[in-house]
Amino acid sequence: MNAPRTRVQRRPVHGVVLLDKPLGFSSNQALQKAKWLLRAEKAGHTGTLDPLATGVLPLCFGAATKFSQLHLDADKTYVATARLGVKTSTGDAEGEVISERPVEVMPEDLARVEAQFTGPIRQVPPMHSALKKDGKALYEYAREGVEVERAPRDVVIHKLEIRAVDGDTIRILASVSKGTYIRTLGEDIGEALGCGAHLTSLRRVATGGFTEAQCVTIEALEAMDEEERLAQLLPAESLVGGHSRVTLGTEDAARFLSGLRRRGGWADADEVAVFGTQPPAFLGTAHVKAGELIPGRLLNPIEIQQILLNAQQTEATP
């Protein structure tokens, strides 16, 4: 007879864990594992990585989930390897081989293609993606053997380096805008080289201002005690590190948190991070227009109290 499963006692946890997503995990599987380890009530991630991809996956907990969209839109950097001469049905090593061609690629060919794909480009999203058509994910159509028409998307390749590894393998370093599919980029590079290609590995090394050097693995989290796991949390305001900062006094902060606009001598800005002074705490985001601070995503007083209490407890821990 199986022993009854112990019910996990959830608790309010607020902040961001920078996870090094392992190979073979979906982004949601990695999120649920970390959520269970932290016993968190609420969690979300900041953009899907394929199971075959590894690397930087910011996980948001509690109040931080309100700002996760900001990193869905962030620029990202990837390192990938691609095998030339072989195209697959999925654009990566999981798919079936659909064509093979000889590889005759010279260093000048790599330089030409590097220049060709740097800057603004257009991509047709892959069928094996989570984009939806008539309420159904494209990968679901692909599994049924159905190909649907997809409109090209404008993306930007900020930086691209292509290096030969051996006769039929290249290494791709790409810093890209939101919405860029690296599998599609690898396939398009292969076509431009005249031989086709598919990805054999993919790693996200940076997203926004976060890098792989800051990340923790699932294995490391599992080996920690609860206090050590909580110490991995970055504050919610780490998601708005690139925003201008506005600090409000006690009365203005209370009114701002109730959704009221505040007037001041602030310059116009699309996104600002707003802080209070008593207590010193992150309040949320806003934008400024004609000297008015217009509330955006806001924390609520309970979340702010919990965050301050957790910070005090962490500081008190020897």
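Is Cys195 buried or exposed? Here are some quick notes on this one, bearing in mind that the model is predicted.

1. Cys195 is buried: its relative accessible area comes out at 1%, and anything under 20% counts as buried.

2. On the cysteine theme, Cys60 is buried too, with a relative accessible area of 0%. If you were hoping for disulfides, the structure has zero of them. For Cys60, the nearest cysteine sulfur belongs to Cys215 and sits 13 Å away, whereas a disulfide needs the two sulfurs within 2.5 Å.

3. Thr207 is worth a look in the viewer. You'll find Thr207 in strand β12, which covers residues 197-207. Thr207 is buried, at 0% relative accessible area. Leaving aside residues up to four places away in sequence, Thr207 is in contact with Val56, Pro58, His71, Ala74, Asp75 and Lys76.

4. Now the largest pocket. Its volume is about 1,000 Å³. The lining of this pocket takes in 35 residues, and those closest to the centre are Thr48, Asp50, Ser129, Ala130 and Tyr181.

5. Strand β12 is where Thr207 is found, as in point 3.

Terms used
Residues numbered from 1 in each chain as written. Predicted model: local features only at pLDDT ≥ 70, side-chain atom pairs only at ≥ 80, totals over all residues. Heavy atoms only, no water. Buried < 20%, exposed > 50% of the residue type's maximum accessible area, 1.4 Å probe, protein only. Helix = DSSP H or I, 4+ residues; strand = E, 2+ residues; numbered from the N terminus. Contact = heavy atoms within 4.5 Å. 1 Å grid on protein atoms, 1.4 Å probe; cavity = no way out; pocket = protein on both sides within 12 Å on 5 of 7 lines; lining within 4 Å. Points joined across faces, edges and corners; volume = space filled by probe spheres on them.
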